[in-house]
Structures are given as structure tokens and as C-alpha cells.
Amino acid sequence: MPQDMPPAGGYEPVQYKRNLPARGFRPSYYFLGVTLLCTWGFYEFGKGVREHNELAREKMWSRIHLIPMLQAEEDRDQVRRHLADKAREKELLGGEFKVYHSDRFVRPTFAATPKDVTK
């Protein structure tokens, strides 16, 4: 029995590679896009941080400038309470009595306490 031999001129080459077209852009374009996106994001983040710092500074300075007005308002309230307290003392006790042993003004402390204390 004769042995089979290859055809004259040989067999055709075997295609072992996949012939698929490349999909999408080249990787360098993706890298450039991500780099630009991150750069823009960091830029916007920095703008936000600067704006936040500026708003905090503005808030701090507004509070600093309001302190004298708030202090004057509190002082007027203290004087009103002091005079009302003196009038109440005079009405109840019939005269003025010193609580402290000096004429120096002692700032009164008022604490708001609840009516019903539960524990």
C-alpha cells in the first residue's frame, strides 16, 4: 500500500492568527484623555478649596466685626435687668441693700433652668 504524500507544492499555510480589526482608539489616546480629565478635576478641586477658604475667612471677619455690636446689646440687656432687679428689691424690701461688701460692679450670671428636672 503506497503512503499518502503531500500534494505537489505543499499544503496551504494554516491560519492560526485571528484577523480581527482593532476596536476603539489607540491606547495613547485613552491615556491622554484620562490625564486631561484628571488635570481638569484637580484644577476644579483647587478652585473649590480656594473658594471655601475665602468664604471661611469672610465668615470669620464678619463675626469679628459683629462682636462690638453684640457686646453692646448684651450690656444694654444687663443694665435693663440690673435696674429692674433694683426696682424689684426696693418694692419687696423697702430699700436698697448691698449684696456684696464693695461698690465694685459684679456682672450677674443668669442661668436658664428648666421647670421640671427629671433624672
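Entry on the model. I keep in mind throughout that I am looking at a predicted model.

Entry on helix 1. I looked up helix 1, which runs over residues 27–93 and holds 67 residues. At 1.5 Å a residue I would expect a span of 99 Å, and I find the end C-alpha atoms 94 Å apart, which agrees.

Entry on the largest pocket. I asked how much space lies in the largest pocket, and the value is about 550 Å³. Its lining is made up of 19 residues, and those I found nearest the centre are His82, Lys86, Val99, Tyr100 and Val106. Sorting the lining residues by kind, I get 9 charged, 7 nonpolar and 3 polar.

Entry on glutamine 78. I then turned to glutamine 78, which I located in helix 1. Is glutamine 78 buried or exposed? Its relative accessible area is 13%, and because buried means under 20%, I count glutamine 78 as buried. Leaving aside residues up to four places away in sequence, I see glutamine 78 touching Arg107, Pro108 and Phe110.

Entry on alanine 8. Finally I looked at alanine 8, which I placed in the segment before helix 1. Its relative accessibility is 83%, so I recorded alanine 8 as exposed, the cut-off being over 50%. From alanine 8 to threonine 113 I noted 105 residues in sequence and 112 Å in space, C-alpha to C-alpha.

Technical notes. Residues numbered from 1 in each chain as written. Predicted model: local features only at pLDDT ≥ 70, side-chain atom pairs only at ≥ 80, totals over all residues. Heavy atoms only, no water. Helix = DSSP H or I, 4+ residues; strand = E, 2+ residues; numbered from the N terminus. Expected span 1.5 Å × (residues − 1). 1 Å grid on protein atoms, 1.4 Å probe; cavity = no way out; pocket = protein on both sides within 12 Å on 5 of 7 lines; lining within 4 Å. Points joined across faces, edges and corners; volume = space filled by probe spheres on them. Nonpolar A, V, L, I, M, F, W, Y, C, P; charged D, E, K, R; others polar. Buried < 20%, exposed > 50% of the residue type's maximum accessible area, 1.4 Å probe, protein only. Contact = heavy atoms within 4.5 Å.
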